[in-house]
Amino acid sequence: MMNIYATAGLYNEAEELFCSMKRDGCLPDSYTHLALIRAYTQGLKYSEGEKVIILMQKEGLCASCAHLNLLLLAFAKAGLTEEAEKFYGKFTTFGLTPDIESNRIMLRGY
């Protein structure tokens, strides 16, 4: 269900489902967070997507390049090259090194 909301850019619904899962004692995993990031990026809520990555770290989940690349791709598609460059520079703050897909996204963005 989360992926359906994410693909449609229905970030409010995705966020509501995410919160209700947590309330009901179901701990969201890495894939659930990935879907929430996708929902935010589809809805052009980039800062919210970045907050999800920070939330993952606080919850003890490791973000992967896939999580960060979703946000990076959203910046690139929107033509937000400066924001993409800044976010690309933040990979190390999340304990990651940009992978080949990250580099491809940046090249497409330019």
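These legends describe close-up views of a predicted model. Local features are reported at pLDDT of at least 70 and side-chain atom pairs only at pLDDT 80 or more, while totals for chains, interfaces and linings use all residues. Residues are numbered from 1 along each chain as its sequence is written, and side-chain values use heavy atoms, with hydrogens and water left out.

**View 1. Tyrosine 11 and tyrosine 40 form an aromatic pair.** A search of the whole structure finds six aromatic pairs; rings of Phe, Tyr and Trp (its six-membered ring) pair if their centres lie within 6.5 Å, and planes under 30 degrees apart count as stacked, over 60 as edge-to-face and the rest as tilted. The pair of tyrosine 11 and tyrosine 40 is tilted, at 6.1 Å centre to centre and 40 degrees between the planes. Tyrosine 11 lies in helix α2 (residues 11-23) and tyrosine 40 in helix α3 (residues 30-42), so the pair ties together parts that are 29 residues apart in sequence. Helices (H or I, at least four residues) are DSSP runs, numbered from the N terminus. Tyrosine 11 is partly exposed at 21% relative accessibility, whereas tyrosine 40 is buried at 4%. Buried means under 20% relative accessible area, exposed over 50% and partly exposed in between (1.4 Å probe, protein chains only).

**View 2. Phenylalanine 87 and phenylalanine 94 form a tilted aromatic pair.** Their ring centres are 6.3 Å apart, with 50 degrees between the planes. Both phenylalanine 87 and phenylalanine 94 are buried. The two belong to one aromatic cluster, together with Tyr46, Phe75, Tyr88 and Phe91.

View 3. The buried residues of α2 are Ala14, Phe18, Ser20 and Met21. What covers the buried residues includes α1 (2-8), α3 and α4.

**View 4. Leucine 44 has a positive phi.** Most residues other than glycine have a negative phi, but the phi of leucine 44 is near 60 degrees. Leucine 44 lies in the loop between α3 and α4 (46-58) and is exposed, with a relative accessible area of 57%.

Note on methods
Helix = DSSP H or I, 4+ residues; strand = E, 2+ residues; numbered from the N terminus. Contact = heavy atoms within 4.5 Å.
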